[in-house]
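Visitor: I've got the sequence and the model open and I'd like to know where the labels come from. Can you walk me through some of them?

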Amino acid sequence: MTRAEQPAVVTAPANPTYDEALAADSRERAVRALLRTPRLRRLWSAQLVSGIGDALALLVLVLLALQAAASEGAFGGGYRGAALAVAAVFGVRILATLLFGAVLLGPLSGLLGASGKLDRRWTMIGADGVRIALFVVAPLWLDWIPAHALTALLATVFVSGAAERLWTLAKESAAPALLPEPPPEGATVRPLPDHMDALRRLTLRTAFAALPAAAAALLAATLVGKALGLGVDWFAANQAALGSYVAAGLFAASVSLLLPLVLPTAATPRPRSPLEGLRAPKAGDRPDKGRTGAVPLLVLSCAAVAGAVSCAVAVAVLHAFDLGGGPAAFALFVLALVGGTAAGIRATQAGKVLPGLSRRRLLALAIAVTGLALLLSGLVPDMATVLFLSLLAGLTAGVAANTGHTLLDQETEEFRRARVTEHLQAVVRVAAAVGAVAAPVLAALIGPHHLTGAEIVLSHGGAAFTLMLVGALLLPVAVIVLTKADDRGGVPLRRDLRDALRGGEPVQAPAATGFFIALEGGDGAGKSTQVKALADWIRSKGHEVVVTREPGATPVGKRLRSILLDVSSAGLSNRAEALMYAADRAEHVDTVVRPALERGAVVISDRYIDSSVAYQGAGRDLSPTEIARISRWATDGLVPHLTVLLDVSPEAARERFTEAPDRLESEPAEFHQRVRAGFLTLAAADPGRYLVVDAGQDPDSVTTVVRHRLDRMLPLSEAEVAAQAEARRLAEEEARRKAEEEAARKAEEARLRAEEEARLAREAEEARIRAEAEAARKAEEERLRLEEEARLRAEAEERRLEKQRRAEEALLKAEEARRLVEASAAEAAAKAAAAAAAAEAQAAAAAEAAAAQASGPAASGPAAGSGAAGSGAAAAPRIDMTKGPHPDDAVTIETPAVKRVVRPDDVTQTVPVPKVDPSAAAPDAAETAVLPPVRLDGQGGTGSGSGSAGASGSGARAHSATRPTARRPEEDPADRVPSGIFRDSGNERTRELPVVDDDGQPRRPRPDWAEETPLDDLPTLADELLGRRRDDDEGDERDGGGFGDEGRGEGGRGPRRRR
């Protein structure tokens, strides 16, 4: 490709790539180029639709809140209650935005980040779903709960505001991941474009464009609702209901756009707070006031305009109803204000609003017209006139906003421009929020008034007076801006305005080939130094560079230059000077500039048309528009691709002079100040073509700034094209190599994964086989265990039956033995009764004999008494206490004890107690009776009782021999012991029986540290040898004379005296 074949940078290729479009000189093109990315365009569409729905929903909630306040008499009712309800809607919405957009920004950003718990796409879908449900139900609160409808509507405002913030945070977290990828060669030839800056601009413009679209949608919905109200009474009573359903439909459309969208999960920058940048930016340790110190004033003016428009929108609903309109009039007012602002911004960006007028004067003029329009819209009680004035106020507010933003860009360097812009946006947001809440409150405080004068009658509501007050406050702001920031001092504003209104400039356009750079600035700004540095740098990139200047680049121009700059030409008229510069420029363009551009060369010119406009127009008190028109005619409309304005104060520039000043350099400081203002005015009129650089810094820094801009604008030279192709080839080879390595790595990982899966499969199969074998073994063991248990149960059952049989036999034998014992006992009792009867008979006979003998001689008394006593003693029976041996096969059977169970129906009977006759007791009860000895041979003792004893013993043996004795069954004695009496096999721990006191309550257990036996109770050595000491004191103590019982209980022993 030759240089002549290279397209100009402003002409896009047939199929431009994203980066080529982003590298264009226009930031508008950079913003539009982002929409060529399919997924980003879909996300932008969802943002636009959702933003329109959110703005429409807010306007509908204002109408519904006004209707609810009027019906239930909220906030005191009347005009004040309606105005305060509107203020409450805006206040609650601002509160939700601050809470979820600024206060909780950190936690929410973490949840929506790459590693957060919330999915970005589903968060946006969920937020839209919540708002769909809210605004389907919102109009129904007026019918469901009319007494509390305003509270429900305010809750709807808060929840919808929170959902909007969540949606925005999720979108801002996801959008940076959808930006175009950088080219394969990277920044080898051209620096990478700033995608994030273009994305922020796109987001801001989309959010602002949603407001007029929402107003138009509300207008259409209100008109359709009125038509439906002719047939349906509910729509006639609720004219804003259809707008609420339209908002819900827009949220549903956003959901349909988001559902098929696939968002990457890559890490992205943290979303920004709406109030980020509220603090004024600083340059070092001082606030950044810009090149001319006008940054604070420009920010204040833009915030004032934004606050005024916000106030007008907030009270538009009250003003519409005051003028006899309804929801449709409210929608028209909002559309005129917001839509007019957007139209004014767009027209100013396109350079169609007084391009020949100073930008600072244009800013002051726009602010003044905005204030005057708002003042008249509150003063005039006509609906059509107010609508026209609202549109005018919106248009001029848009012009003021864009002009102020452009002037701020001129005041700051490019690397500080982002911070200043962020500060401006934050201040504007605060001003708009304060205006939206303060205006309805002010209208409520003012209220409707009826003022009458001589011939004037003013009957307005609080909204009209608020508009008049806001408009009146804007007028001093315009005066301050014009006074403090005017760059055309001494030039009447009326003449500048008249020249600007004439217009009629010829068509101008850059060359189709080559690249034209013009360096402008005052004398001493360093243009020649920068021309040389830029020419060397561009030549190093492989371009053909043509360096030229004005005047004096041609033979004719040299002669003109000698006339123009010679001090002896001081009497030259201003118009002749302007025409001579135009003649030099015409010759210069025709002989030098155009031929070089047609060859595809890069032309660098030291001064061009803007110098004539600044020096002869602004400096010489001529019309800048006429000078520009003459220069455009002389050059046939040729304008540079880039104009670099080296801005420096005249005082600093004068210090750089090293030679005697020429005719223009000798002009006074006021002249050079007007020239500087003229250059800045031209740059503000076309910011896309100008690069304003602070020339007060060192030359290398200035060159760096210009090179950074040219890196994105210069067409590629043949060497750069070749280098770019080579870099792209190397990048593609590197990418291919990495792809092959990645494929090989993935193949190796797949192979290893397959081997690992095969190994795991083998291990799983082996484990399965082992598990089956183990299960079979366990099943066999279980089967054997069950068989063994069955066998043991059968044996136990047999033993139990055997024991039961033996027990039954033993019971039968015991019963038989009991019967025999009872029979023997009955027989013995009969014998004893007979013996007792015989004894009684003998005793009676003896008594009779004694009585008979008592009547006989007294000498015979002792003998007879002794004889009677001897016979009585001889007649007393003697019991043999010896026990004969049992046979070897005799078995003693235990008589089973039958446990008596007391039943509820048993009758308690008194057991008879035998009475004992005290007179029948033995004469000497205290005498110990000696039992007769028991001998194994069964023989009786000596004496007269031996025979009886022997007879008695033989009788007992004979009786014992005849008594049947059952044989003891062969069984384990432990079977007769109940469980738990002795220690069981499973409880090897010896347990101590509980100790209870006299009342049966358990005593406190002895602690573990206590001794088992007190040492005082142990016998001493003396006790062992001599026996225990007989305490004589015990008797004394029993008599009460001892003192050993002190501190002891009853029966206590005294302390033992140790030896």
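Visitor: Why is Asp 636 called exposed?

Guide: This is a predicted model, and in it Asp 636 has 62% relative accessibility. The label "exposed" needs a value over 50%, so Asp 636 counts as exposed. You'll find Asp 636 in the loop between α24 (624-635) and β8. Its phi is positive, about 60 degrees, although Asp 636 is not a glycine.

Visitor: And Phe 75, what makes that one partly exposed?

Guide: Phe 75 has a relative accessible area of 42%. Phe 75 sits in the loop between α3 and α4 (78-103). Here too phi is positive in a residue other than glycine, near 55 degrees.

Visitor: How do you know whether Glu 72 is buried, exposed or partly exposed?

Guide: The relative accessible area of Glu 72 is 28%. Buried would need a value under 20% and exposed one over 50%, so Glu 72 is partly exposed. Glu 72 belongs to helix α3 (residues 38-72). Leaving aside neighbours within four places in sequence, Glu 72 is in contact with Pro 146, Ala 147, His 148, Ala 149 and Leu 150. Take Ala 149: Glu 72 and Ala 149 are 77 residues apart in sequence, yet their C-alpha atoms are 8.3 Å apart in space.

Visitor: What makes Ser 611 count as buried?

Guide: Ser 611 has 6% relative accessibility. The cut-off for buried is under 20%, so Ser 611 counts as buried. Ser 611 lies in helix α23. Outside the four places on either side in sequence, Ser 611 is in contact with Glu 520, Gln 616 and Phe 679.

Visitor: What does helix α23 pack on?

Guide: An open sheet of five strands, in the order β6-β7-β5-β8-β9, with parallel pairing. The twist averages 20 degrees from one strand to the next. Helix α23 (residues 609-619) packs on that sheet and touches β5, β8 (642-647) and β9, its direction making about 25 degrees with that of β5.

Visitor: Why are β6 and β9 called edge strands?

Guide: β6 (545-549) and β9 (690-694) each pair on one side only.

Visitor: How do you know that β5 and β7 pair?

Guide: Pairing takes at least two bridges, and five bridges join β5 (residues 515-521) to β7 (residues 602-606), so β5 and β7 pair.

Visitor: How do α12 and α17 cross, right-handed or left-handed?

Guide: The crossing of α12 and α17 is right-handed. The axes of α12 (residues 295-314) and α17 (residues 414-446) come within 7 Å and cross at roughly 35 degrees. The residues of this contact include Val 295 and Gly 307 in α12, and His 423 and Pro 440 in α17. By class, the contact has 16 nonpolar, four polar and no charged residues.

Key: Residues are numbered from 1 along each chain as its sequence is written. This is a predicted model: local features need pLDDT of at least 70, side-chain atom pairs count only at pLDDT 80 or more; totals for chains, interfaces and linings use all residues. Side-chain values use heavy atoms; hydrogens and water are left out. Axes are lines fitted to C-alpha atoms, for helices over the stretch in contact, and angles run from 0 to 180 degrees between N-to-C directions. Helices (H or I, at least four residues) and strands (E, at least two) are DSSP runs, numbered from the N terminus. A crossing is left-handed if the near helix is turned anticlockwise from the far one by less than a right angle, and right-handed if clockwise. Contact means heavy atoms within 4.5 Å. Ala, Val, Leu, Ile, Met, Phe, Trp, Tyr, Cys and Pro count as nonpolar, Asp, Glu, Lys and Arg as charged, and the others, Gly among them, as polar. Buried means under 20% relative accessible area, exposed over 50%, partly exposed in between (1.4 Å probe, protein chains only).
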